[in-house]
Amino acid sequence: MLSVERLTYAHPGQTGSYEFSLTAAPGEITAISGASGSGKSTLLDLIAGFLKPVAGSLTLDGTNLLPLPPEQRPVSLLLQSESLFEHLTATRNVALGLPPETRKPEVSQRVASALAEVGLHTVGDQTASTLSGGQKQRVALARTLLRDRPILLLDEPFSALDDETRGTIRELVRTLTIQHGWHTLLVTHHADDVEALASRRYRLADGRLVEG
């Protein structure tokens, strides 16, 4: 279980502070909604380790994550922009999810398996610049698979996609979350994303998370 308890933060010059409390179970998608500027991305940055809270706790199955720097936290982050290197092939972009010391035969096998799992086994040799928006998000998800981290943070990951592609990628996220037992946190302002995916729901109001 991922547990956030009274995790507190205030941006410089901010009047008042945020205080976040939530729980997220493995194999489930926890949705967090709220108006622009309400603190959704701040919460993800605290979990990922990009911001340091002034109080509170963050644990995964009882293990304290707060002392860990971002690169050591069991967290993957998928943004609205898929953050691919446009000049690299899909295969090379996915391979970036593996440790650099991974042997080449293992890299080839694991990348091919990840691309197949997201339905892209035929595009490995294409550069990212030639892929559609939906294909790019699938490549980013394949890279997340190879990172093998139990917490997946999604920050408006479907906003740039057309309706049909959004539906396809949403179902892929749901399937992968269940299959790999991820604790998936979805930040979105789209009610249909929440309705389609959320097992648990929180909304941000006045710097606090309200369940339901």
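Tutor: Start with Asn-93, whose side chain reaches the backbone oxygen of Leu-88 at 3.3 Å. This is a predicted model, where local features need pLDDT of at least 70, side-chain atom pairs count only at pLDDT 80 or more, and totals for chains, interfaces and linings use all residues. Residues are numbered from 1 along each chain as its sequence is written, and side-chain values use heavy atoms, leaving out hydrogens and water.

Student: Why is Asn-93 called buried?

Tutor: Buried means under 20% relative accessible area, exposed over 50%, partly exposed in between (1.4 Å probe, protein chains only). Asn-93 has 0% relative accessibility, so it counts as buried.

Student: Which residues is Asn-93 in contact with, leaving aside neighbours within four places in sequence?

Tutor: Contact means heavy atoms within 4.5 Å. On that basis Asn-93 touches Leu-84, Phe-85, Leu-88, Ala-128, Val-139 and Arg-143.

Student: What makes helix α1 (residues 40–48) "mostly covered"?

Tutor: Seven of its nine residues are buried. Among them are Leu-43, Leu-44 and Ile-47. Helices here are DSSP runs (H or I, at least four residues).

Student: And why are α3 and α4 called oblique to each other?

Tutor: Angles under 35 degrees count as roughly parallel, over 145 as roughly antiparallel, 65 to 115 as roughly perpendicular and the rest as oblique. The axes, lines fitted to C-alpha atoms over the stretch in contact, with angles from 0 to 180 degrees between N-to-C directions, cross at roughly 130° for α3 (residues 104–117) and α4 (residues 133–147). The pair is therefore oblique.

Terms used
Helices (H or I, at least four residues) and strands (E, at least two) are DSSP runs, numbered from the N terminus. A polar contact is a pair of N or O atoms within 3.5 Å; within protein, one must be able to donate a hydrogen and the other to accept it, and residues adjacent in sequence count only if both atoms are side-chain atoms.
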